Amino acid sequence: MRKKEAETFSNLNVHKILKIDEYRDAVRKQEKNIRSIEEFKILTLKAKEINEFLRDYLGVIENKRLYILGSILYALEDPAFKMAYSAYNNNADLSTFLYQTIERKIKNSGLKNIQIIKDELKPAIEGLARAEKEGAKLEYPNGTLLQLISDVDSTLYDYYKNSELDLISIFFNVFLSYSTSGGSDLGIVLTPAHITKLFTRIAGVTSESKILDPCAGTGGFLTSAWKHISLNDNYSFTEKENFRKNNLFGVEKDPSIYTIVALNMFLNKDGRSHIYNNDCFSLKDELKSKECNAGFINPPYSDEVYPEIGFVELMLDCLLPGSIGVAVVPVNAVSSRTKKHTGIDVIKERILQKNKLLASIQMPGQLFYPKGTETIVLVFQTGCGHNGKTWFANYDDGYELIKQQKVRTPTAISDSRQDELLDAYFDRKETDFSFNKAVSASDQWVYTLHKENNYSFDDNQLQSSVNDYAAYLIQNRYLVTAVKPEAVSVLDQHLSKVWLTEYFYILPAKQKDKIQVQISSVMNPDSVPFVGRKATNNGISDYIRYDADCINDGGVLTLALDGSTGSTFYQHHNFASGQNIWILKPREEKIKDFSPEIALYLKTTVSQAVIDYSYNLSLTKTRLQNIKILLPLNDYKEVDTEYIRKVMSRMTNIEYVQIVSERRY
């Protein structure tokens, strides 16, 4: 749609004829979305500026920068501070005034464990008196702290005083990603604001909901639930006040993070008397007594004592029957393969005995950028044993990664992507990104591991396999040219989905770390190729001198367990191997010919079958045993190698791989 005199137009993603008022509503919604995106970008840049100012001019260490920003915003809420701060012309007096204001407001907050917050904030704020660099006094003669407070007052406080709570929360999260490396140095994984909003919508939060977050972190889930109610015109002031004061419960063990969640909740004016500074497992009985009917959790990742799924079980056990519990966890949290904790399947079994797994939603791979943790969102209904099917989905949130800003940014389609996901979830629709499937405690509740793969591949993918292998032969001095045969027209052939293990043995490679072998050179014809977990040069990372302990026979496919997960190559020659490489050895009774052109076809179909696996969804032997590939078969269920030769004869450069030299020159 394009406005009169406008130079650009917007796609409203409308696929049917609507009433004129519906078009107007769609335009207004998109204009609001575009404004929000622009404001998000402005706040992101502002977060970067303030972070750098705190670092460069006030010398505030990373995990204390949020203390300062939160305290300034909270103090500006006080009329006396807002009117008087500009009269102070040195950091020492102004920092004292700032802390006195915060101390007074905290005393009146009703929050538990006030002394912990004071002990955290006082040294950080009073330290501003001594932090100013001598050179900064020339640039800011009235003090760097006054400059900072004035800047926050003139920019961010406008959003705050106008109750634009969503924007304040977004800024707070963005600033945390800058000031604390995405929260990693605080031992937390920061949940993006649009995901906390997703949780609130999945749980169907109303003014009657009582929310529990036993791993509150910075309070994102609780503030999101409060925003959902406070910004809803359908609720009265009394209903909102009751929700704010009585319906939000959280636990945070770490004093530093507890202080941050308190500041976040102060700024968002939500419930603050039910945030506990303790180990959530020690409070289980007290949390159950609160009779919460909605639970949200992003548990600590890689906790030394408790597995992530253990925190999820605790949350579910604390909710009333019939409640909705939503958790975001790493994909390996539901895998018995994890090395840190044992008994994962036992916990999953207990969970499913008491709760129904409604949904598992795979999150975008870079959701927690700069951390590479891949995650899923699990949705449970409490008080009923698991039965029937679970809804699996893959969520593309429409966000773009802006690496130089250390943040993923919404686009014009982000809101509609979430609406589309929720529409499918509530109706349990089967779409191109979702399906329903029955699973048990022994299964891994991950979309990628249960979806029906698109096994098909075309000439372009086969051509890439040929070109890559030909390039490897040239680069590694094996190339022997041959005369290209005349192309043969190929009739359509029925392709069958078959288990990988019916046609290949899955074998571990003889493995050595590269530091344990003597490195040689490709220029030495007697050296041996060393296959690593890389995605280029046929997996060859180096050449080594002959070492009988790590030589594997050629005439096989190699496949990376992790690293460049799923990278599959044809190894014609004997090779050495690094860690976590599988060998796919053809079963001779099923594959009568494994010449290079046949092998490259099979390499392509295997690559297609494992394309969605990743570092966090590594290719264990169990997972490989549950993978199917697409193959042309003859009447005897053998691979139809004649058909493959005809197909491969169409490939450009195929003559380069039909005869491979056994030795480099």
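The count comes to one cavity of 30 Å³ or more, a cavity being a set of points, on a 1 Å grid over the protein atoms alone, where a 1.4 Å probe fits but cannot get out. The model is predicted, so local features need pLDDT of at least 70 and side-chain atom pairs count only at pLDDT 80 or more, while totals for chains, interfaces and linings use all residues. Residues are numbered from 1 along each chain as its sequence is written, and side-chain values use heavy atoms, with hydrogens and water left out.

The largest cavity has a volume of about 40 Å³, where a volume is the space filled by probe spheres set on the points. Its lining residues, which have an atom within 4 Å of a point, include Val 531, Arg 533, Lys 534 and Phe 569. Strand S17 (residues 556-560) gives the most to this lining, with three residues; strands (E, at least two residues) and helices (H or I, at least four) are DSSP runs.

| Class of lining residue | Count in the largest cavity |
|---|---|
| Nonpolar | five residues |
| Polar | four residues |

In the class scheme, Gly counts as polar.

S21 pairs with strand S12 (residues 495-499) in the antiparallel sense over five bridges; pairing requires at least two bridges found by DSSP. Pro 632 in S21 is the bridge partner of Leu 495.

In helix H5, the buried residues include Ile 117, Leu 121 and Ile 125.

Key
1 Å grid on protein atoms, 1.4 Å probe; cavity = no way out; pocket = protein on both sides within 12 Å on 5 of 7 lines; lining within 4 Å. Buried < 20%, exposed > 50% of the residue type's maximum accessible area, 1.4 Å probe, protein only.
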